[in-house]
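Trainee: I have a protein model open and I am new to this. Can we go through how to read its features?

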Amino acid sequence: MLGERSAVREVTARVLQQYLDTRGRKNGKRQRRLSPETLKKEMASLRAAWNWGIRTELVAGAFPGRGLTYPKTDEKPPFQTRADIERKIARAV
């Protein structure tokens, strides 16, 4: 698992995916689920630090974040015309 004491050489795509899966199930501020955008920002920050480490020769190799999957977002309902909405309301009554 990814954390303060994780060695950089142990960070692999599998470790990052486990982190995303675990972190994606946790609640953030206001007791709401963390959004996929938040997780993507966290990975972007880690990638920036990783790239800095490459430039300063503290890390060898490319960032192992290629191919990570993020939780799905809630999708908006499809567009409905007023007639569609009125039809649904009439059926519900």
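Mentor: Start with burial. Buried means under 20% relative accessible area, exposed means over 50%, and partly exposed lies in between (1.4 Å probe, protein chains only). Of the 93 residues of this protein, 19% count as buried.

Trainee: What should I know about the source of the model?

Mentor: This is a predicted model: local features need pLDDT of at least 70, side-chain atom pairs count only at pLDDT 80 or more, and totals for chains, interfaces and linings use all residues. Residues are numbered from 1 along each chain as its sequence is written, and side-chain values use heavy atoms, with hydrogens and water left out.

Trainee: How many helices and strands does the protein have?

Mentor: First, the rule. Helices (H or I, at least four residues) and strands (E, at least two) are DSSP runs, numbered from the N terminus. Here there are three helices and zero strands. Along the sequence the pattern reads α-α-α.

Trainee: What is the radius of gyration of the protein, against that of a compact globule?

Mentor: The radius is taken over C-alpha atoms, and the globule rule is 2.2 Å times the number of residues to the power 0.38. For 93 residues, a compact globule would come near 12 Å, but this protein has 20 Å. Its C-alpha trace spans about 65 × 25 × 20 Å along the principal axes.

Trainee: Which residues make up the largest nonpolar core?

Mentor: General idea first. In soluble globular proteins, nonpolar side chains tend to be buried together. A nonpolar core is a set of buried Ala, Val, Leu, Ile, Met, Phe, Trp, Tyr and Cys residues joined through side-chain atoms within 4.5 Å. The largest one here has ten residues: Val11, Leu16, Tyr19, Leu20, Leu39, Met43, Trp50, Val59, Phe63 and Leu68. Helices α1 (13–24) and α2 (36–55) each supply at least two residues of this core.

Trainee: Which residues does Phe63 contact, leaving aside neighbours within four places in sequence?

Mentor: Contact means heavy atoms within 4.5 Å. By that rule, Phe63 is in contact with Leu16, Met43, Leu46, Arg47 and Trp50.

Trainee: Is Gln17 buried or exposed?

Mentor: Gln17 counts as buried, because its relative accessibility is 16%. Gln17 lies in helix α1. Not counting residues up to four places away in sequence, Gln17 touches Leu68 and Thr69.

Trainee: How many salt bridges are there?

Mentor: Side chains of opposite charge can pair when their charged atoms come close. A salt bridge is a side-chain nitrogen of Lys or Arg within 4 Å of a carboxyl oxygen of Asp or Glu. By this rule the count is three.

Trainee: Which parts of the chain does the pair of Arg23 and Glu42 link?

Mentor: Their side chains meet in a salt bridge at 2.8 Å, N to O. The pair links distant parts of the chain: Arg23 sits in helix α1 and Glu42 in helix α2, 19 residues apart. Arg23 counts as partly exposed, at 25% relative accessibility.

Trainee: Where do Arg82 and Glu86 lie?

Mentor: Both lie in helix α3, four residues apart, about one turn of the helix. Arg82 is exposed, because its relative accessible area is 66%. Glu86 is partly exposed at 42%.

Trainee: And the remaining pair?

Mentor: Arg87 and Asp84 form a salt bridge (3.2 Å, N to O). Both lie in helix α3, three residues apart.
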